[in-house]
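Here is a short report on selected features of one structure. Take a look at the model before reading on.

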Amino acid sequence: METLLNITIYLPLLALVAFMFVKNDNAIRWIALIVTSLTFAVSLPLIFNFDSANSHIAQYVTESGPLLFGLDVNYIVGLDGLSLLLFMLTTFLGPIVVLSAWTSVKKHVGAFFAMLMLLQTGSLGVFASLDLILFYIFFELTLIPMYFLIGIWGGADRIAATIKFFIYTLVGSLIMLVALVYVGFDAGNAVNDGVFITDWRVLSGPEYQIGLVEQTWLFLAFSLAFFIKVPLFPFHTWLPYAHTEAPTAGSVVLAAVMLKMGTYGLIRFCLPMFPNAMVEFAPYVALLAVIGIIYGALVAMVQKDVKKLVAYSSVSHLGFVVLGLFALNTIGVQGAIIQMINHGLSTGALFLIVGMIYDRRHTRQISDFGGLAGVIPVFAVFFMIATFSSIGLPGLNGFVGEFLILMGAFTSETLDNIWFAIFGTTGVILAAVYMLWMFQRVMFGPIKHEENKNIKDLNAREIGLLVPVMIFIVWIGIRPTHFTQFSEHQVNVLLEEAAQKKNEILMSTNPAELPSWANKLYKVEINLAELKGDNNE
Amino acid sequence: MEILNDLLNYLPAAIVAVGGLVVMMMDGYKAKSRLIYQTTMFFLAGALVIATYDLLYQEVGTLFSDMAASGSTAAFGTFIVVFGTFFTVILTHDYLIGVKHNYPQVYPLLMFCTVGMIVLATANDLVTVFIGLETMSISLYALAGIIRDKQLGVESALKYFILGAFSTGFFLYGIALLYGATGSTNLSEIGAYTDGSMIYWGGVSMLLVAFFFKISAVPFHMWTPDVYTGSPTTITAYMSTASKTAAIVALVLILERALPYAADQITSTMAIIAIMTMVLGNTVAMVQDNVKRMLAYSSIAHVGYLLVGLAAGTDLGFTAVLYYLLAYSLMNIGAFGVVAYYEKNHDVHFNNIESYAGLGYKQPLMGILLSVFLLSLAGIPPLAGFIGKYLVFAAAVEAGLINLVIIGVLASAASAYFYLRVMVYLYFKESKEPVKLMKPLRVYSFSLVVLAVLTLYFGILPAGITELIASYFSGNGLAIVP
């Protein structure tokens, strides 16, 4: 099984080699499709054999010797409850993305699919790596193909968009790299006989504890990188831009997979390593998340371009995920994890659908459409399901995630304020407003433009690539436990351990030694008194 | 017999020196330029094989009555220098024919320059350092102006010469003062001195100024952009990699062996110069429209990263610096090689970034190669440039220089802008005028591919080479008793 995991990660690179020798565009498309389908097929045993009762222990682990001499940087990959679903989502979307680009990409076909394959390997590596440096390497690796995807095959304003995307992400991740190296040395001194170590399993464990002052800085450095990637308001400005200019396939991968690296990083690294900072900063982050939810929704409402509207709706939806994560209770975090998948499916589907209509009409302006439902009924059905899923209609996947997240936010002890949930809920209502309004303007009403009368309905390829996505949208909506079971145990363990670690770190700090800002931020004296009171009882 | 043994351990330098003399004679007897080139390559290939052998197996020791060292860093420096020269000569031959200035004098000059670099990188005595530095520099002055009828080239040669001579003065003065303070020019004997007198510090600072000039650290960098832009492109590649490698290896040796006492106390000086070098190099590179000049400023910035490792001053720092030199040589020779290829298809003014529009699709291999080298220079994983930066910054974090590292990574993020800008023109823009590109010679593209593959290899599997380098600093590796 370990081999299978590695094969899944690197199989797409095989296509890269093949592209060097194949010059025929059609052959290239078929190779890409076959390789991504194979990748998905190979990854299936990973989920069927997954032991969800022990999901907190990484499974299928491959571990190598040190990659860099003197620094204990290892090649460690494996899957656990946090990463399994995202990993599977990535392999699942592979063939769908290839199919979506089948006819719409006409220039430099080989290079296009080569970039997609590289992106696939990079994304799979991000979710599978259990070493922080390895995670960083894959994290950065995904930037290059996306940079070219937007830059070469993107829209009119692609160059500015892709540079903005690249530099934004790079600044965040480089600062994270500094923090990461610091953690490596610090952990080495604390738990590994002075040898640099970045093995996640050690760093997240209860032995390695970081003092409050360092935790603050490290948390800020790590979370900055992830907030930019998510993107959390106010770091979101690159996203609508990149999304609008990216080709359909790029948008789908960006929305479904790459944005998740941010939220995934927050829960995998920040929570177990910096529990105190996580708790103390939670209300502030939740505030930004709620602002993002409402702001994203309001801006989406006034968009004239369908793709931009979907892009801003991403800002809003990712706000929910962050809100759920920082509720820091089982139900909220579970909701966030399932919402990551949901957003990947529903927003991915929306981008696919927008791409299909763009291929036909070469415009995405809402005002250019109207009354399409009568002309292209099959398209209308798929578009409607994706729209409802994005709104969070009960019975479809979006509802499950948002409901759990809002429940979590209501009951969260960390946030301790129901207004987060109340304002967050308005995001659901606003989503209905902007999505349904857009849907109505595009699909219903009289046909205003002559060109719209002769649009062809979806062909077999397009139906074929949307149907699997729709199946999962409904499946998650009806039986969410089939999916949440994988992470449930791990989330419980993670939260428990984090709470325990947090108290241990607090107990071992001496308030007199801390600078006054840290005392104020962590309310050390009050918390310590409380903790000691609990222990005496 | 000892002299014979010493010579055997000094074989790469000896081969290159003899080769230089031979090709000089051949030029005197009006041999064909192609034959001279082949002879040069023959000698260099021999030297490369032996340098590789020495890198792996040579024992640590001193040669020629403690004047030079063998093994460890010396073997490493020799290897990079010979390796860099080997590829430079391949690229230079083709380039000079392409720009129609095929002067055979370039080969003996390159060979003598390489001898100087090897002497510099293997030195164990300040006098040897001086000899190496001068042999290298004088050849470089001539090489910079090798295209005699190009005004920019001659100007750059003269500028380089005048400023270089000035820095040599500093260097000699520094040696004199250090001799006055410590009574020796041997590195280890100077290292035993721990009494910080005024004369000692004067000597140290003079020495450092000279080295900062040679490696073009800010504020001693003024000559670099002009000289790098004016020189023939492949010679620029050579200057920015091999000569820098030799000078920095020597600097590492001097800091590690001769000035351990001073090295502990000049951390903040090093850090400030590193910050200035990184910030200036990267910011000025951002506004350059000439690709060659952009690479010149970028090479200044890379010296800044190297200085971060030196500022850390730990074993990990020195290991990082040596690894970085290897990675930097690979990617920088490669990048200049592709630039030279584009240039030789047209004329020497074909370096403006505008003229690169759409070139990536003309000869796809060359476009991909340039992208790989530039991404590596930008420090994007999984290329060698990333591991280099990572090691350097990791060493500085370990030494507690967090602020320095944060400035460094931000400068590095800024650098992504101008490296990516080249790719924007290569791939994202359409060319306005039809540009014709000749198919590159097979040996030319093959050597660039080798460099790219090595860049990738050392980026993905750096374990072996880092282990090798780290062993130089693990204590017993450097125990050279005078």
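How far apart do the C-alpha centres of domain 1 of chain B and domain 2 of chain B lie? They lie 21 Å apart. Keep in mind that this is a predicted model.

**The two domains of chain B**

Chain B is divided into domain 1, residues 1-265, and domain 2, residues 266-482. Contacts between them involve 58 residues of domain 1 of chain B and 53 residues of domain 2 of chain B. The size of an interface is often given as the accessible area lost when the parts come together. Here the two domains bury about 5,000 Å² between them. Of that area, 77% is on carbon and sulfur atoms. On the domain 1 side of chain B, B:Phe76, B:Leu91 and B:Val218 lose the most area to domain 2 of chain B. Together they make up 12% of what that side buries.

**Helix 10 of chain B**

Helix 10 of chain B covers residues 223-230. Seven of its eight residues are buried, so this helix is largely enclosed by the rest of the structure. The buried residues are B:Trp223, B:Thr224, B:Pro225, B:Val227, B:Tyr228, B:Thr229 and B:Gly230.

Is B:Thr128 buried or exposed? Its relative accessibility is 8%, so B:Thr128 counts as buried. Leaving out residues up to four places away in sequence, B:Thr128 touches B:Met67, B:Val119 and B:Ala123.

**A pocket in chain A**

Now turn to the second largest pocket. Its volume is about 680 Å³. Of the 25 residues that line this pocket, the closest to its centre are A:Val279, A:Leu328, A:Glu413, A:Thr414 and A:Lys502. Two elements of chain A give two or more residues to the lining: helix 12 (275-301) and helix 20 (481-507). Helix 20 of chain A gives the most, with seven residues. By type, the lining divides into 11 nonpolar, eight polar and six charged residues.

Why does the second largest pocket lie between domain 2 and domain 3 of chain A? Both domain 2 (275-479) and domain 3 (505-536) of chain A give residues to the lining, so the pocket lies between them.

Note on methods: Residues are numbered from 1 along each chain as its sequence is written. Chains are lettered from A and ligands numbered from 1 in the order in which they are written. This is a predicted model: local features need pLDDT of at least 70, side-chain atom pairs count only at pLDDT 80 or more; totals for chains, interfaces and linings use all residues. Side-chain values use heavy atoms; hydrogens and water are left out. Buried means under 20% relative accessible area, exposed over 50%, partly exposed in between (1.4 Å probe, protein chains only). Helices (H or I, at least four residues) and strands (E, at least two) are DSSP runs, numbered from the N terminus. On a 1 Å grid over the protein atoms alone, a cavity is a set of points where a 1.4 Å probe fits but cannot get out, and a pocket is an open set with protein on both sides within 12 Å along at least five of seven lines; lining residues have an atom within 4 Å of a point. Grid points are joined across faces, edges and corners, and a volume is the space filled by probe spheres set on the points. Ala, Val, Leu, Ile, Met, Phe, Trp, Tyr, Cys and Pro count as nonpolar, Asp, Glu, Lys and Arg as charged, and the others, Gly among them, as polar. Domain bounds come from an automatic or database domain assignment. Contact means heavy atoms within 4.5 Å. Buried area is the accessible area (1.4 Å probe) that two parts lose on being put together, summed over both.
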